[in-house]
Amino acid sequence: MKESFFDQIINDDCLKFMAKLPDNSVDMTFADPPFNLNKKYNGYKDNREFQAYLDWCEQWICEMVRITKPTGSIFVHNIPKWLTNYATILNDVAKFKHWIAWDASTAPMGKSLQPSHYGILYYAKDLELNKFYEIRYSHKRCRKCGYLQKDYGGKKASLHPFGPLISDVWTDIHRIKHNKYRDEHPCQLPVHLLERLILMSTDVNDVVLDPFIGTGTTAIAAKRLGRKFIGIDIDKMYVDITKNKLSHEKPNSKIGDAWVSFYLKNIVTIRDIDWEIIKNHFIIPDNVKEIDFKKAYYKSKTIP
Ligand SMILES: C[S@@+](CC[C@H](N)C(=O)[O-])C[C@H]1O[C@@H](n2cnc3c(N)ncnc32)[C@H](O)[C@@H]1O
């Protein structure tokens, strides 16, 4: 892989650009494609015929798998309707690991159940070689006093001080609803969603590629976590927004030597193996003598 592609946001058709990349050259690929729901993008028309859409998806899915390394992971985000079709494509060319249900309400769709999750298909190129790190998310705590909110049935003492290991249902990351946090893009994802996927499946300096970068979520997450990124979008306006946002980002999402994911200055995701480093960086409040993780201590002195 040419190093000149690293840390670039490319204004091109993703199929055209991915064709230039060698087989087995990227550590993680993530795609959040247009959902074919007639969304109002700046340039792209989001309303193909059913089969035309799926045929197109098959092309970029197969390209993503081709360029992913044998140790690498492939993630595709969409609504369940399309993911069921994507899975039949992916089952032929990669190995299924998980269907991650990201709990996030969507618009009602007429006479149907209210859709309340997006899915993220998680495939490995090779299940034996696949790189995977166990991930913990933080316990819900009272904002004022720091105490755990959930009643763990008398088992609080034996809990992990930071939080539980994640399952395949993610309820603690919310969609960006407030316009203040949103760019001029109809379906921007939260950065800490991507940070969780990146921490789970890559190491520092690994390469993360997103063929539909939009306004840069995956590239920003990768840069904050010290990974290399390649982002592609067909729309120049989104590419310009992404480049501008990236110019303000630094690879500094760390506590001590451990890469972690923050949201609004709280730690939301850590790797299980990093807890030994991270725990030494928590604040001990004035009124206690030693660290008591049942109470607060989720604010690090070194938050960037
Ligand atoms: C669902 S959005 C991605 C949003 C992104 N995850 C974010 O958080 O900002 C899909 C993007 O794909 C882009 N796109 C559509 N067709 C494309 C193609 N053939 N090649 C590259 N990008 C394309 C659109 O311009 C749009 O920005």
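User: How do the residues of the shell around the ligand divide into nonpolar, polar and charged?

Analyst: The model is a predicted one. Around the ligand stand 21 residues, and Cys14, Asp32, Phe212, Gly214 and Thr217 come nearest. By class, the residues of this shell divide into 12 nonpolar, 5 polar and 4 charged.

User: Which helices does α4 meet through Val191, Leu194, Glu195 and Ile198, and how are the two axes oriented?

Analyst: These α4 residues meet Thr217, Thr218, Ile220, Ala221, Ala222 and Arg224, which belong to α5. The residues of this contact divide into 6 nonpolar, 2 polar and 2 charged. The axes of α4 (residues 191-201) and α5 (residues 217-224) come within 8 Å and cross at roughly 55 degrees.

User: Is the crossing of α5 and α6 left-handed or right-handed?

Analyst: The axes of α5 and α6 (residues 236-246) come within 10 Å and cross at roughly 20 degrees. Because angles under 35 degrees count as roughly parallel, α5 is roughly parallel to α6. Ala219, Ile220 and Lys223 in α5 meet Thr242, Lys245 and Leu246 in α6. The crossing of α5 and α6 is right-handed.

User: What is the strand order of the open sheet of 3 strands?

Analyst: The edge strands of this sheet are β6 (135-137) and β12 (261-263), each of which pairs on one side only. Strand β13 (residues 266-271) is joined to β12 by 3 bridges, and 3 bridges also join β6 to β13. The pairing is antiparallel, and the order is β6-β13-β12.

User: Which residue in β13 is the bridge partner of tyrosine 263?

Analyst: Strands β12 and β13 form a hairpin with 2 residues between them, and leucine 264 in the turn has a positive phi of about 50 degrees. Within this antiparallel pair, phenylalanine 262 has isoleucine 267 as its bridge partner. For tyrosine 263, the bridge partner is asparagine 266.

User: Which residue in β13 stands opposite tyrosine 137?

Analyst: Strands β6 and β13 run antiparallel and are joined by 3 bridges. Opposite tyrosine 137 stands threonine 269.

User: Which are the edge strands of the open sheet formed by 8 strands?

Analyst: The strands follow the order β1-β9-β8-β2-β3-β5-β4-β7, with mixed pairing. Each edge strand pairs on one side only; they are β1 (8-11) and β7 (169-170).

User: Which residue in β8 stands opposite threonine 29?

Analyst: Strand β2 (residues 26-31) and strand β8 (residues 207-210) run parallel and are joined by 2 bridges. The residue opposite threonine 29 is leucine 209.

User: Which strands of this sheet does α6 touch?

Analyst: Helix α2 (residues 50-67) packs on the sheet and touches β2, β3 (68-78) and β8, its direction making about 150 degrees with that of β3. Helix α6 packs on the sheet as well, and its direction makes about 165 degrees with that of β1. The strands touched by α6 are β1 and β9 (228-233).

Notes
Residues numbered from 1 in each chain as written. Predicted model: local features only at pLDDT ≥ 70, side-chain atom pairs only at ≥ 80, totals over all residues. Pairing = 2+ DSSP bridges. Helix = DSSP H or I, 4+ residues; strand = E, 2+ residues; numbered from the N terminus. Near = placed C-beta within 6 Å. Nonpolar A, V, L, I, M, F, W, Y, C, P; charged D, E, K, R; others polar. Axes fitted to C-alpha atoms, helices over the stretch in contact; angles between N-to-C directions. Contact = placed C-beta atoms within 7 Å. Parallel < 35°, antiparallel > 145°, perpendicular 65-115°, else oblique. Left-handed = near helix turned anticlockwise from the far one by under 90°.
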